[in-house]
Amino acid sequence: MTASSTSLRNVLLGNRFRRGLLKTVYIYSALFVYAVLFLLPFYWMLNTSLKEPLRVFQIPPDWYPNPVVFRNYLDAWVSDRTDIAAEIPVYNYAKNTAIITVNGVIATTFSSALIAYAFARMDFPGKQAMFLGVISTLMIPFTVLMVPQFILWKNLNWLDTFLPLMVPYWFGSAWNVFLLRQFFMTIPLEYDESARIDGATHWTIFSRLIVPLSKPALGAIGVLAFVFFWNDFLGPLIILSKPQNFTLTMYLANFSVAFVRTTPWHLYMAASLTIISPCLILFFFSQRAFIQGITITDFKR
């Protein structure tokens, strides 16, 4: 085999030190196909939100709106609705959702970080058994807990308030505890020992050492928590009954039954995109920290 053929073979097929051109083309082609399949429903939702109502179900379908109707995004929030929720301003639903989301992000991030610090950096009897107990709660589906929790909130007179949607998350989340524990264990213990020599307490080590070094993981937890609380529907559906306490997801759920004749799908898609836009914006600006926080937990110390 000549030197030129060997060089061409290495370029196309690669070697143990470098990936070949054919494999690179295959990987990026597959990623492109999956990206298109993933984005296609989102594009169709955007496309529908900008159409006139008579063109939504047109056959053959329009792959781009013609004409483009930006007014759909305004009409989605001010159209004539016939349900009780229409009597309440839309910003009230946004305010309720923001209150629950902000509390949830702060609560679950802070409490989970404290619990994870104890499991990762402290030694006490029964630590492994307790951690196993925390992780085992991930196997319990929420449907099993709905009725017991509902009875508990009813006995506490917390129904139709935000308390059941806010207070429990100040006691940590099993998945977040696991993720943060794995991240904290990648930080060398020598840092803690050096801080203790200088007289630092556990709180000082946690707040001034572990937290600053764990910003990627905490950021990932914050993004996941924001998406969960902002899009949560089942929790508010079980707890809330007064329209003035509804969240944006509950407002959207009533969208299809709130009009006299039929569901205006162009307005429904516009309202849906408006509601999910904060999640998209947050991930767009924090995707680097989010991906780093998720992947770095796989590293071994």
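The largest pocket has a lining of 34 residues, and those nearest its centre are Phe142, Gln149, Tyr169, Gly172 and Ser173. This is a predicted model: local features need pLDDT of at least 70, side-chain atom pairs count only at pLDDT 80 or more, and totals for chains, interfaces and linings use all residues. Residues are numbered from 1 along each chain as its sequence is written, and side-chain values use heavy atoms, with hydrogens and water left out.

The space in this largest pocket is about 1,100 Å³. A pocket here is an open set of points on a 1 Å grid over the protein atoms alone, where a 1.4 Å probe fits, with protein on both sides within 12 Å along at least five of seven lines; lining residues have an atom within 4 Å of a point. The volume is the space filled by probe spheres set on the points, which are joined across faces, edges and corners.

Which helices supply at least two residues each of the lining? They are α4 (90–121), α6 (142–155), α7 (163–166), α8 (174–184), α11 (215–231) and α12 (234–239). Helices are DSSP runs (H or I, at least four residues), numbered from the N terminus. The largest share, six residues, comes from α6. By class, the lining has 26 nonpolar, seven polar and one charged residues. Nonpolar covers Ala, Val, Leu, Ile, Met, Phe, Trp, Tyr, Cys and Pro; charged covers Asp, Glu, Lys and Arg; the others, Gly among them, are polar.

Now look at Thr108, in helix α4. Thr108 has a relative accessible area of 2%, so it is buried. Buried means under 20%, exposed over 50%, and partly exposed in between (1.4 Å probe, protein chains only). The Thr108 side chain makes a polar contact with the side chain of Asn176, at 3.0 Å. Such a contact is a pair of N or O atoms within 3.5 Å; within protein, one must be able to donate a hydrogen and the other to accept it, and residues adjacent in sequence count only if both atoms are side-chain atoms. Beyond four places in sequence, Thr108 is in contact (heavy atoms within 4.5 Å) with Tyr169, Ser173, Asn176, Ala225 and Phe229.

Next come the rings. The structure holds 14 aromatic pairs. Rings of Phe, Tyr and Trp (its six-membered ring) pair if their centres lie within 6.5 Å; planes under 30 degrees apart are stacked, over 60 edge-to-face, the rest tilted. Tyr117 and Phe206 form an edge-to-face pair, 5.6 Å centre to centre with 70° between the planes. Tyr117 lies in helix α4 and Phe206 in helix α10 (residues 202–213), so the pair ties together parts that are 89 residues apart in sequence. Tyr117 and Phe206 are both buried. Together with Trp203, Tyr117 and Phe206 form one aromatic cluster.

Finally, check the backbone. Most residues other than glycine have a negative phi, and most peptide bonds are trans. Asn66 and Pro67 are joined by a cis peptide bond, with omega about 5°. Pro67 sits in the loop between α2 and α3 (72–78). Asn157 has a positive phi near 60°, and Asp160 has a positive phi of about 65°. Are they buried or exposed? Asn157 is exposed at 66% relative accessibility, whereas Asp160 is buried at 13%.
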